[in-house]
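Here are my notes on the model you sent over.

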Amino acid sequence: MKEIVVISGKGGTGKTSVLASFAVLAKNPVLADCDVDAADLHLVLKPNIIERHDFISGHEAVVLQDICDSCGACLNLCRFDAIKELPQASGESLFEIDPHSCEGCGVCYAFCPLKAIDFPDRHCGEWMISDTRAGLMVHAKLGIAAENSGKLVSTVRQEARRLAEEKNHDLILIDGPPGTGCPVISSITGASMVLVVTEPTLSGEHDLKRILELVKHFNIPAYVCVNKWDISPDMTKQIEKLALLMGASVLGRIRYDKNVTKAQIEALTVVETNAPSAQDIKKIWETLQLQ
């Protein structure tokens, strides 16, 4: 089974547009949208959700008001300032825990003298299995201010692998998150190959170097394509030179094309339109398949 991950050093490079086009060009792949913090692959593939599952990760503290005697012991223990003291008209104080500030460390739960703090599992979002015109897709939605997006990414990948094995698919296409943080590491670890989509700017060059260093650390074959290359041909050459020096292969270039935006508005992938850049993406896909 082959797992191809499409990533970028920063958001807005066209990573998802390229992956969505690959999904349509591929023969019945399993798709995984691992950009769980800001998932948008569904915007062009119009998924029909088949299954929904809660994503539970970690714990959060909750004050049991009927037991709490407002001693304030927890207030001094919390290093994240998650416990709020709310003065009451009676002169006493009411203590509450801000769920967005609580890190789930459990100190208040462990040391409350009256055991007046509960420590239930934290609901951090949901993950879904959907049917799309390009094939089955596993995707997710992280809750507002929720943590552990790296763990949710791992869940999405695991489910995509399970589906591929059950349905006898030999290809998984993964839309990875931007950057070089924990969610990216969860997206690429153990993958067959990584395609980095970059752009011909100074920031694009800087971010490409960082992401290629990360991919090299995990010893994963890396490939690079430059999106909107014709807005700066000289910078494109400079970026391609950097990619080769860092051991990556350059697969091709995608021209700047206003029709990409039109395709997005119509909820279509680029290769489902007559956009000139569709030919560039098709060539890159054909080349990638030979690797």
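The points below run from the whole chain down to single residues.

1. Overall picture. Keep in mind that this is a predicted model. The protein chain has ten helices and 13 strands, and its C-alpha trace spans about 70 × 40 × 35 Å along the principal axes. Of its 291 residues, 48% count as buried. The chain exposes about 14,300 Å², with carbon and sulfur atoms supplying 50% of that area. Look at the contacts with a separation of 6 or more: residues 24 or more positions apart account for 75% of them.

2. The main core. Which residues touch the most other members of the largest nonpolar core? They are Ile7, Ile188, Val194, Val196, Leu208, Ile211 and Leu212, out of 43 residues in that core. Helix H5 (residues 149–167) gives the largest share, six residues. There is also a second, separate core of 32 residues, and Ala23, Ala134, Met193 and Trp285 are among its members. As background, nonpolar side chains tend to be buried together in soluble globular proteins.

3. Val194 up close. Click on Val194 and leave aside residues up to four places away in sequence: what does Val194 touch? On one side of the numbering there are Val5, Ile7 and Ile188, and on the other Val215, Ile220, Pro221, Ala222 and Tyr223.

4. The H7/H8 pair. Helix H7 (residues 202–217) packs against helix H8 (residues 233–245) at an angle of about 10 degrees, and their axes are 10 Å apart. Angles under 35 degrees count as roughly parallel, and H7 and H8 are therefore roughly parallel to each other. From H7 come Leu202, Gly204, Glu205, Leu208, Lys209 and Leu212; they meet Met235, Gln238, Ile239, Leu242 and Ala243 of H8. By type, that contact has seven nonpolar, two polar and two charged residues.

5. Helix H1 and Thr269. H1 (residues 15–25) is mostly covered, with nine of its eleven residues buried. The buried stretch is made up of Lys15, Thr16, Ser17, Val18, Leu19, Ala20, Ser21, Phe22 and Ala23. Thr269 sits in the loop between helix H9 (259–265) and helix H10 (277–289). Is Thr269 buried or exposed? Its relative accessible area is 2%, so Thr269 is buried. Leaving out residues up to four places away in sequence, Thr269 touches Ala20, Ser21, Val24, Leu45, Arg133 and Ala263.

6. Phe111. This residue lies in helix H4 (residues 107–111). Phe111 has a relative accessible area of 55%, so it is exposed. Leu77 is 34 residues from Phe111 in sequence, but the two are 8.5 Å apart in space, C-alpha to C-alpha.

7. Two positive phi values. Most residues other than glycine have a negative phi. Lys46, not a glycine, has a positive phi of about 45 degrees; it is in the loop between helix H2 (42–45) and strand S3 (48–59). Asn168 is not a glycine either, and its phi is positive at about 60 degrees; its place is the loop between H5 and strand S10 (171–178). Lys46 counts as exposed at 54% relative accessibility, and Asn168 counts as exposed at 69%.

Key
Residues are numbered from 1 along each chain as its sequence is written. This is a predicted model: local features need pLDDT of at least 70, side-chain atom pairs count only at pLDDT 80 or more; totals for chains, interfaces and linings use all residues. Side-chain values use heavy atoms; hydrogens and water are left out. Axes are lines fitted to C-alpha atoms, for helices over the stretch in contact, and angles run from 0 to 180 degrees between N-to-C directions. Helices (H or I, at least four residues) and strands (E, at least two) are DSSP runs, numbered from the N terminus. Angles under 35 degrees count as roughly parallel, over 145 as roughly antiparallel, 65 to 115 as roughly perpendicular and the rest as oblique. Contact means heavy atoms within 4.5 Å. Ala, Val, Leu, Ile, Met, Phe, Trp, Tyr, Cys and Pro count as nonpolar, Asp, Glu, Lys and Arg as charged, and the others, Gly among them, as polar. Buried means under 20% relative accessible area, exposed over 50%, partly exposed in between (1.4 Å probe, protein chains only). Accessible areas come from the Shrake-Rupley method with a 1.4 Å probe; for residues, only the protein chains shown count as cover. A nonpolar core is a set of buried Ala, Val, Leu, Ile, Met, Phe, Trp, Tyr and Cys residues joined through side-chain atoms within 4.5 Å.
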